[in-house]
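Please read the following points alongside the model.

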Amino acid sequence: MASSGEEPRSGSPGRAGTGTQPPPADAAQLDTAEDFEVLEEEEEEEEEEDDLSELPPLEDVGRPPAPPPREDTQPSERSEGGAAEDPQEWVDVLGSGLLRKKTLVPGRGVDTRPRKGQDVTVRMKATLEDGSVVEENPALTFTLGDCDVLQALDLCVQLLEMGETALIVSDAKYCYGAQGRSPDVPPNAALTLEVELLAARDAPDLELLSGKEKVELANRKRERGNFFYQQADYVLAINSYDIALKIIGSSSKVDFSPDEEAELLDVKVKCLNNLAASQLKLDHYEAALKSCNLVLEHQPGNIKALFRKGKVLAQQGEYGEAIPILRAALKLEPSNKTIHAELSKLVKKHADQKNVETEMYRKMLGNPSAAGTPGKCKDKLPWSIPWKWLFGATAIALGGVALSVVIAARN
C-alpha cells in the first residue's frame, strides 16, 4: 500500500496540497476544498473567474553552496574554475527543457529502475530558486505512475536506478503550478528536487487488503484528486478519482464488516460526485451524467448528484428534464441558495425556449402576423368568398330571371 508509514505534514509533495490550498471560486458550486461534501451558502456567479491572486514572495535567504563536482568528472568536462555545470550532464526528460534531471551519485544499473505500479521509497528535499527548503522527507513512499506526488517527482523517479541520487530541476507546471502552495511555495515557482531512490517493491494485492486498508488507500487517491481539482487540473483529478474507484470496485478475498462496507460505499459516492464535477468542468456531459446516475442508484436523494445532473441536462439544452430534478434537490434542501439561483435561471431559459419554438412553428405554418388571434381564422379557407359579394351576386341573378319572364310575357 502506498504509504510512508505516517501522514506527512500538510503540503508534503507526497500529499501535495491536500487541505492547505484555498478552494477555487467555483468550489461554491456544492464543492468544498477538502472532501466536496458540505453544501456552500455563497452566492458567487457561475461565470466568475477563479481567484488566482499571487501569494507574497518568500524572503530571499540566499542560495546554498553548489554541490561538489563528482569525483569521476573529467577535467575537460568542467568549465573554468569548475563553477559552471556542463549542460551535457543534464537529461531533458520531456524534451521541452521544463523538466531536467542530473545524476549526482550513480546507481546500480538500468535494470534496477522501478516500474510503474510499484511502491517506491525515496529520500527527497525540495528547494525554491532562492535556496529556501520547502520540503524534506527522509522516506517518502508512493505508488509510481499514480500521480500521488508532484509530477516532476513521479516522472523522474522512473528514470532513477536503485541507490542513485539525482538533482531534478522542474518548471512550476510540474510542481504546484499557477496557484503555488500556501504559505511557502509562491505561484509559478520552479523547484529543485534532490532525490535518492531507496527501495522499490510490488504494490500489495488489492484482493488481500482488509476493509480498513482499502478505505485508507482509496481515500488517499480521492484526496489527491481533490488537490488536482483545486489546481484546476481536471484531467489529473479524473485520473485520481478513477484509480480510487478501481480500488473500491476490485474483488476481494477478505470478508468486510457491515461498517467497512458502508465506509467503502461512502468513499465511492464521494469519488463519483467529484468525478462528475471534474467531467462537467471539461464539458464531458455524457460521462458526467453517467457518474451522477451511478450516485443516484446508491443514494436517490443525494443533493449534489441531483444538482449536477440538473446542470448537465441544462448544458445539453434539456431544460424540461433539468427543472424537475433541480426542484427535487431544492425540496431536500429548501434553504440552498445555489440551487435556488440555478433553478430560477433554468425556468427563465425554458420559458424563452418555448417562446422561440412557438414563433418558429407559427412561421412554418405561414401565418406570422396572427400572433394574438389564432382562433379567429381557424375555420377560414383560402377559397372562401365574403358574404356581401355572395348576396349581391344572388340579387343580380334573381333580377335577370325576373326580367326574362317579363319579356317573354309581352311577346
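1. At which residues does UniProt place the feature "repeat: TPR"? The unreviewed entry puts this feature at residues 303-336; such annotations may be inferred rather than shown by experiment. The span is 79% helix and 0% strand, and its end C-alpha atoms lie 10 Å apart.

2. This is a predicted model, in which local features need pLDDT of at least 70 and side-chain atom pairs count only at pLDDT 80 or more, while totals for chains, interfaces and linings use all residues. Residues are numbered from 1 along each chain as its sequence is written, and side-chain values use heavy atoms, with hydrogens and water left out.

3. Helices H2 (residues 211-230) and H4 (residues 258-281) pack at an angle of about 20°, with axes 10 Å apart. H2 and H4 are therefore roughly parallel (an angle under 35 degrees). Helices here are DSSP runs of H or I with at least four residues, and strands are runs of E with at least two.

4. The contact (heavy atoms within 4.5 Å) includes Val 215, Ala 218 and Arg 222 of H2 and Leu 264, Val 267 and Asn 274 of H4. The residues of this contact divide into 7 nonpolar, 5 polar and 7 charged.

5. The count of salt bridges (a side-chain nitrogen of Lys or Arg within 4 Å of a carboxyl oxygen of Asp or Glu) comes to 12. One of them joins Arg 115 to Asp 202, with the closest N and O atoms 3.0 Å apart. Arg 115 lies in the loop between strands E2 (99-105) and E3 (118-127) and Asp 202 in strand E6 (residues 191-202), so the pair ties together parts 87 residues apart in sequence.

Notes:
Axes fitted to C-alpha atoms, helices over the stretch in contact; angles between N-to-C directions. Parallel < 35°, antiparallel > 145°, perpendicular 65-115°, else oblique. Nonpolar A, V, L, I, M, F, W, Y, C, P; charged D, E, K, R; others polar.
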